[in-house]
Amino acid sequence: RWTATLGVRHGRVSYDSDDRFIVPGNGDDSGSLDFSYTNPVASLQWRARDDLRVYVSAGRGFEAPTLNELAYRPDGSAGLNTELQPQTSEQWELGAKWRGAGGRVSVDAALFYITTDDEIGVASSSGGRSTFRNVGRTLRHGAELGLQWQISERWRTLVAASWLDATYRDALLAPAGNRIAGTLKQWGFAELVW
């Protein structure tokens with residue numbers, strides 16, 4: 001009735017840029033950076049009934065800056081943006097999965113809570129060049145719900161919805177408590193397939 005899962009991922013991300021187009025007015029953008037991480041994950045699942053599973057999981061995440069995010073320094077000087085750090089997160093999820101009607105109906109529901117340190121955000125964007133910086137801590141929490149139903153051999157339906165509250169916790173890029181740009185508060189999807 002109980003299942004526990006433990007895991008760990010360790011990795012290293014390395015960047016090495018060798019600029020061979022150095023002319024007056026265009027500085028040397030060469031440089032190198034190395035990031036390493038160790039991320040644990042754990043989950044516990046309880047089989048409440050044959051058709052119902054309840055679970056809790058926790059994990060740590062790591063997201064290295066992309067090469068595009070590292071390409072330009074915010075002050076306009078040459079070289080990789082060596083001040084940009086990876087963003088790290090801690091994630092918690094509590095959920096349930098129900099499978100009924102001989103596997104023809106399923107419901108998945110989850111609550112999640114994610115804190116991020118050193119979130120990466122846009123510092124400036126001008127003339128086709130964007131620069132990035134760490135914008136402090138953020139918080140994302142919300143809920144997800146999904147329903148699938150195999151109505152008949154030829155018909156099936158899927159309905160999904162989510163609610164997300166995503167805000168800045170530090171007043172570095174925007175006032176603390178402001179919503180993170182580009183995040184949707186509510187989202188829904190439905191389809192009927194023949």
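This is a predicted model: local features need pLDDT of at least 70, side-chain atom pairs count only at pLDDT 80 or more; totals for chains, interfaces and linings use all residues.
Me: Where does Leu184 sit, and what is it in contact with?

Reply: Look in the loop between strand 9 (156–168) and strand 10 (186–193). Setting aside neighbours within four places in sequence, Leu184 is in contact with Leu164 and Arg179. For a sense of distance, the C-alpha atoms of Leu184 and Gly79 are separated by 35 Å.

Me: Which residues make up the largest nonpolar core?

Reply: There are nine: Tyr15, Leu33, Phe35, Ala64, Leu70, Leu80, Leu84, Ile120 and Phe132. Another core, of seven residues, lies apart from that one and includes Leu164, Tyr168, Ala174 and Ile180.

Me: What does Ile120 touch, beyond residues up to four places away in sequence?

Reply: Its contacts include Leu84 and Phe132, and also Glu63, Pro65 and Arg133.

Me: How should I read the sheet, and in what order do its strands come?

Reply: Follow the pairing from strand to strand. Eight strands form an open sheet in the order 1-2-3-4-5-8-9-10, with antiparallel pairing. Strand 1 (2–17) and strand 10 are the edges, each pairing on one side only. On average, neighbouring strands are turned by 10° against each other, direction ignored.

Me: How many bridges join strand 5 to strand 8?

Reply: Strand 5 (residues 105–117) and strand 8 (residues 138–149) are joined by 12 bridges.

Technical notes. Residues are numbered from 1 along each chain as its sequence is written. Side-chain values use heavy atoms; hydrogens and water are left out. A nonpolar core is a set of buried Ala, Val, Leu, Ile, Met, Phe, Trp, Tyr and Cys residues joined through side-chain atoms within 4.5 Å. Buried means under 20% relative accessible area, exposed over 50%, partly exposed in between (1.4 Å probe, protein chains only). Contact means heavy atoms within 4.5 Å. Helices (H or I, at least four residues) and strands (E, at least two) are DSSP runs, numbered from the N terminus. Two strands pair if DSSP finds at least two bridges between them. Axes are lines fitted to C-alpha atoms, for helices over the stretch in contact, and angles run from 0 to 180 degrees between N-to-C directions.
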